[in-house]
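Try each task before you read its solution.

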Protein chains: 2
Amino acid sequence: MTSKVALFEKRIGEALEEVLNGEQPRTLFDPARYILSLGGKRLRPLLTLMAVDLFGEEPEIALNPALAIEIFHNFSLLHDDLMDKSDMRRGNPTVHKKWNANSAILSGDAMVIESYRYIAKVPAEHLPAVLHIFTTTAMEICKGQQYDMDFEQRLDVSEAEYLEMIRLKTAVLIGGALKIGAVLANASSQDADALYQYGIHIGLAFQLKDDLLDVYGDPKTFGKKIGGDILANKKTYLLIKALKNANATQRKEIEQLLSATSFDPETKIKFVKNVYDDLNLKTISENLIEKYYLASLDCLSSINVSDDRKRDLVELSENLMYREK
Amino acid sequence: MTSKVALFEKRIGEALEEVLNGEQPRTLFDPARYILSLGGKRLRPLLTLMAVDLFGEEPEIALNPALAIEIFHNFSLLHDDLMDKSDMRRGNPTVHKKWNANSAILSGDAMVIESYRYIAKVPAEHLPAVLHIFTTTAMEICKGQQYDMDFEQRLDVSEAEYLEMIRLKTAVLIGGALKIGAVLANASSQDADALYQYGIHIGLAFQLKDDLLDVYGDPKTFGKKIGGDILANKKTYLLIKALKNANATQRKEIEQLLSATSFDPETKIKFVKNVYDDLNLKTISENLIEKYYLASLDCLSSINVSDDRKRDLVELSENLMYREK
């Protein structure tokens, strides 16, 4: 990471510490501050600032919407954890575990509104465009989460449906974060759209990489338990592809495992991973990630600024693609 | 009601039927359309249109933010019903009963975002002001709901704390609905603020009247079961005032009833109502309602338009004050 990007990260970290600071009642805002304090990559606000920088403007002008995006992202994690009944987030208890379900619901609601409070600080001349991008993106994320939940009840999710779901649930916020930066930097609409598409492709690759690391990550560096998605019967790219490519025997065995109520976790992970191996899914998945990665670089190439200015984004994409956690 | 106000109501009803129409996935949007279809007074969007009309402008210019306010109001009912574990809303099963808790959470989230999508349609010159009022109001409503939940755990809620809670939970959205109309009609900031204060006072009176009707309403016209708040141990104005004004014996008996896990519902209602009667709380409450009602008329008087234009709002306030349901 260049020292410039490190400075952006530092600025975001400092500004996030101020969010909802001292707001009352604490019963409403402590859970919000808690989830915001758990860290994470801060990837989305960083991309907003990097987008402004890409077009040669001062990143600070986009700090408020960058914070809005990070607050909204954490709201979606908070409510998703509750809906998914996840106990842990980044090595800490989730909000509904540390407090209760009602706290998680209402604090999450307050975070959505707080995110709009930061959007409302955008200069008037850019407000309509930024509000439109933010709201469209926010609604798409809700749709993505709904599809994700709907897919839990289905064994016939197609690859196209899965890719559309992760586009909505993950990729559009990465695209939106970049596009809001572009708008504030007065980029041409063509460049702003190209940067959005860059984000969509990076986002798709990012989520596919997440799915892959859950099974093939190195337990020493991954940070989470390997095989968590398999144990939770999550409809990941690997599982959907396996259900499609499996022969009749393999398919029947996977379906039995998915519906089994009692099983040995390690055995289940080992069995499913063996099927993935037999079907060559690691390579198939890596090829798709590479495809999206290359497509993202094409989008970036088309943007009308010097290659020099694009270096930070290229480096960040590379890090996301070749990360081990 | 004048034929003009009836026309506003009709327009709101028609426009609400279009909200989220045909949006996919249905698992996300059916619950939202369901709660929007349950009716209710449509008081808040009506006030927005009436505010525009008060200043002699065309109410249609405020239709989008009026819808935003009604969508947000219904979102708050949806999530509140889930948090309060209420099974029924306007004679129909609540969303989390008809679907499930996750549907209620995510559909509610989508409704917040949809409300902002309607706010985003406000003409650019008014967008910053309207977005600010809407977001401030939305956050205050969250705070009000949090205080309401926090008060459930307390027996020492003061009258001032209670009035602040209902100001946040109920009155500010009535004030905000009016103020947004005033802003869109290019009212002076002085008039817009006076109309907001009119709404705050009407809102306080409205909620106190709700509390009163729950105990003293006519079972034939009230529509809900009399004594519901008493059975739910709700910290209403009456209960808070009773806990404060009761003598030691009465107070001890109320506290015993509040903590009792098994009791005959009718006996509990009858007992609590007797204490209210002994303490003259019906009159005390009616006097406070009258105080806020008169204060609201003072605010309305100060607004710089002819009395003729104010007639519809005065009539509406009267109807709210002297309603029996």
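Helix axes are lines fitted to C-alpha atoms over the stretch in contact, and angles between N-to-C directions run from 0 to 180 degrees. Keep in mind that the model is predicted.

**Exercise 1.** Work out how α4(A) and α6(A) are oriented relative to each other.

*Solution.* 
Step 1. Take the axes: those of α4(A) and α6(A) come within 8 Å and cross at roughly 165°.
Step 2. Apply the cut-off: angles over 145 degrees count as roughly antiparallel. Therefore α4(A) and α6(A) are roughly antiparallel to each other.
Step 3. Look at the residues. On α4(A), the contact includes A:L67, A:I71, A:F75 and A:L78. On α6(A), A:A104, A:G108, A:M111 and A:S115 are among them.
Step 4. Sort the residues of this contact: 14 are nonpolar, six polar and one charged.

**Exercise 2.** Find how chain A and chain B are related, then describe the side of chain A that touches chain B.

*Solution.* 
Step 1. Superpose chain A on chain B: this takes a rotation of 180° with 0.0 Å of shift along its axis, and the RMSD is 0.0 Å.
Step 2. The two copies are thus related as by a two-fold rotation axis.
Step 3. Compare the surfaces: 100% of the contact residues of chain A recur in chain B, so the same surface serves both copies.
Step 4. Count the contacts: 31 residues of chain A meet 31 residues of chain B.
Step 5. Find the helices: α2, α4, α6 and α7 of chain A each supply at least two residues of the side that touches chain B. The largest share, 14 residues, comes from α7(A).
Step 6. Sort this side of chain A: 20 residues are nonpolar, seven polar and four charged.

Notes. Residues are numbered from 1 along each chain as its sequence is written. Chains are lettered from A and ligands numbered from 1 in the order in which they are written. This is a predicted model: local features need pLDDT of at least 70, side-chain atom pairs count only at pLDDT 80 or more; totals for chains, interfaces and linings use all residues. Copies are superposed by least squares on the C-alpha atoms of residues with pLDDT of at least 70 in both. Two residues are in contact if their C-beta atoms, placed from the backbone, lie within 7 Å. Helices (H or I, at least four residues) and strands (E, at least two) are DSSP runs, numbered from the N terminus. Ala, Val, Leu, Ile, Met, Phe, Trp, Tyr, Cys and Pro count as nonpolar, Asp, Glu, Lys and Arg as charged, and the others, Gly among them, as polar. Angles under 35 degrees count as roughly parallel, over 145 as roughly antiparallel, 65 to 115 as roughly perpendicular and the rest as oblique.
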